[in-house]
Every structure is written in structure tokens, then in C-alpha cells.
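Hi,

Here is the structure for you to look over. My notes follow below it.

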Amino acid sequence: MSIGKVFYKSFTWRLVQFASSGILNIYLAHQLGAELSGQFYGLSYLLVTAANFLSLGFDVSLNYYVSRRELPVRGTIPLICLIAGLALVVSLTAGWYFFRENPYPYFSYSRLLWYAALMVAGHLLVTLCGSVLTAGERNHVVSQLSALNNLAVLLVSGLLLRKFPATKAADTIFLAYFLAAFLQGALMLAMLARWPRRDSPGPGKEPGRLPRMLSYAGSVYVTNFLFFAGRKLPVLLIPYWVSAQAVGNYIQAYKMVDYLAAFASILYFPVVAMTAGKSGDQARRRILLLVRISNTALVLGGGLLAVTGRFLFPWILGDTFRQVHGIFLILLPGMLAAGSSPFLTAYFFGSGNLRINLTSAIIMMLGLLVTIWPLQQTWGIWGVAGSFSLSGMASFLYDIWMLRRLETFRWSEMLVLGRKDLAGLGSFFRNHFFP
């Protein structure tokens, strides 16, 4: 299957996933309110951060070696199970200590441990199996299953909230959410187990060896975790600084950033696979086109929400979310970076420029650590949003500067889609998908 068709199928199914995720988020926020939904999503972000910390960089490493046909798909299963098992032990041990002083008062201690086990194991399985499926040109499968999970949780939530008040139905809804994440990961692992055995290493390729994989995984692990933590750290810290209602408002504004990162992940692993072992003008032009597509979507979508969000957010989410619009406006520059940076990160990983990504991640994390406390003390929740945008833009500008040192291009190629881009995209879709 061509890389264009991989992108197309990924994009189509991710749109379905976005729609289902957005509807589920709006419904839960509207029914549960800012305080309860803020605790729920805050816990979810904490557990996802823990899962990414424990992935040890093997998501990119597995994608890299499978896409180069140096590792068979079925050969990844023992390693994935080992990583998920170790992560489960570590996360439950940490949760046993951390959750004793419960930062999420709605949830009982025992439920927090159950949710941690389900979410950490499930998210790790989805991430690692998804990277392997992408290398096998099945990137859309992750979005298909995620969309089905969202619809299932939405159905359960709707049935429960019709019969019970939100405070009584919430526990079962949250259990369904975390259980669905685990079941999705288990199903994806079963799909790898049923993969055909014909994907042996290609001609001239040596089978992937664990020491080389560990070396590559270690190189990307610190980088990816710094990027991830740099985006999630404000969400994890604000419960200690502001009210639960303010946390709920910030998280809903931040979820716009999350959706952008999820959109970028449609193409992230295909870009790593596309550029693995390659560089040059064709790869550069593809990356810059993806950046222009992202920027154009941000300008249009962000501009529309900037104009209408003051009335739209409270109308959709409820009256307890009236701070979302102001926070969203401050997050806009950070959203621009979050939308475009992953393409450059994937390009640098695929072309072997790991040090550039590590430096960019350090810039983001240091920028956040230096600015978040003084800005929060001065401007509260809006200062936290400002710190996020400043650190994200600093990292993004460094990526652009380094790409210009490696490849020759005009600054206009980093902006928005032009007439030639639109004509070329229209011709591409007509020729490949609507002959």
C-alpha cells in the first residue's frame, strides 16, 4: 500500500475517532460539570503520562525496525508483553504509595489502583501494538478501535445517566472508560498474534537484535518523554494550585491541544517509516506540506473558536466552563507548536537526527520549568497557559531553525497552504481515491 493511501485511511478513521471522542467529552463534561470531570480527566492524564514514561521508547523503536523489515511483526509480541507487565508492576507499586494521600477526592483508594492497572496496561498495549501495526500499514486500525470504544462508553454513559444522578452513575462510567482502554490493547495484541508469518527480514537485512533496539529505544525515550511531560506537566500541577472548577476549565481548553496532537499522530509513525534511512528533497517537501496543512487547519479552526468560543464553550459544555475561552486564547500559540512540531520530530527521528529532537525537548521542558511558577503566581490559571505556549513555541522555532540548517527552503514554505498546494492535493485525491 502506498504511503498516500496509508495517510488517507488513517485520516478518514481518525476523523471518525475525533467525532466520537468529541461527542463523548462534551456529553460527560456537560453532565458531570467542571469539578467532577476535571478530576476524571486529570486522573486520566496522570495515568497516560505514567504509561508513556514506562514505554521506554520502544514505540518508535518497534516502528523503526519493523518498517525496515529487520524485525518480524510476531517477534515484537514477547517484548510488548514484557514491557506491559513490568509497567503494570511499577505503576501499581507507585500508585500504592502515591494514592494514599489522595489528590482526587472523588475516587476511593481501591478504585484508583484498579483504574491505574487498567489504564497503564491498556495504553501501553495500544501504543506499542499501534506502532507495529503502523509499520505494517495498518495505522487506521487504532483509530477504528478507539472510535468503537468511545461509542461504547458513550452508550453506557447515556443509559446510566438516564436512570441515575450523575454522582451515582459516575463510578460505573469511569470503570467502563478505563476497562475499554485495556480491552482495546488486548485486542490489538491478539491481532499481532494472528499476523501472517511472511514478514521475515528482507534481502540484505539482518534480524533486529535486542541490544541495537535497546540503544535506539534509549535514544528516543528521554526525548519523547520530555516532549510528552512538557505538554502534560501543567495539567498535573494545577490541582495543587487552583480550585477544582478552574482545573476543569483548563483541561477542557487543553483538550483542544490534545486533539491536535492526536491529529498529528495520524501521520507521526508513517512519517518515521517513510523517512527511516532516507533524506533528501522529496522527504523535506512532504514534511513541509504536512506543516502547512497543520498550520492552515489551526488558523481556520483556532480563528473560528477565538471568535465564537466565548458563547460556544458555555453553551456546549455548560455554565461551569465560562473560563475555557480565555484560557484557550492564551493556549493558541502553544497549539500551533503542538500541531506542527510532531511532523518535524518524526522527520528527525526517521532521518537519524536524534540529537536535534533531544535538544528541542530540553528547550521545551526547561522553558516550562522556568516560567510556570512565576507566571502562575502572577496570573493564576492564565499564567499556566502562557507558560505552556511560550515553552512550546521556543521548541518549535528551534526545530524550524535546525531544519533550515539541514535542508534549503523558503520561510513561506512553513506558512499556510497556497493555491498550488490546494490544486496538488485535489489532484492527488482525485487520482488515488476517486479515479
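A residue is called buried under 20% relative accessible area, exposed over 50%, and partly exposed in between (1.4 Å probe, protein chains only). By that rule histidine 325 is buried, because its relative accessible area is 13%.

Some ground rules. This is a predicted model, in which local features need pLDDT of at least 70, side-chain atom pairs count only at pLDDT 80 or more, and totals for chains, interfaces and linings use all residues. Numbering runs from 1 along each chain as its sequence is written, and side-chain values use heavy atoms, with hydrogens and water left out.

Confidence. pLDDT is the predictor's confidence in each residue, from 0 to 100. The protein chain averages 80, and 80% of the residues score at least 70. Helices are DSSP runs (H or I, at least four residues), numbered from the N terminus. Helix H11 (residues 354-379) has the highest confidence, at a mean of 92. Helix H13 (residues 419-433) has the lowest, at 65. Contact means heavy atoms within 4.5 Å. Where pLDDT is low, the predicted coordinates should not be read in detail.

Back to histidine 325. It lies in helix H10 (residues 324-350). Its side chain reaches the backbone oxygen of alanine 306 at 2.9 Å. That is a polar contact (a pair of N or O atoms within 3.5 Å; within protein, one must be able to donate a hydrogen and the other to accept it, and residues adjacent in sequence count only if both atoms are side-chain atoms). Leaving aside residues up to four places away in sequence, histidine 325 touches Leu305, Ala306, Gly309, Arg310 and Phe313.

Helix H4 (residues 109-135). 21 of its 27 residues are buried, so H4 is largely enclosed by the rest of the structure.

Aromatics. Rings of Phe, Tyr and Trp (its six-membered ring) pair if their centres lie within 6.5 Å; planes under 30 degrees apart count as stacked, over 60 as edge-to-face and the rest as tilted. The count is 17 aromatic pairs. Ring pairs join Phe40, Tyr41, Tyr106, Phe107, Tyr115, Phe174, Tyr177 and Phe178 into a cluster.

Tyrosine 41 also has the charged end of lysine 255 over its ring, 4.2 Å from the centre. A charge sits over a ring if NZ of Lys or CZ of Arg is within 6 Å of the ring centre and within 35 degrees of the ring normal.

Best wishes

How values were computed: Helices (H or I, at least four residues) and strands (E, at least two) are DSSP runs, numbered from the N terminus.
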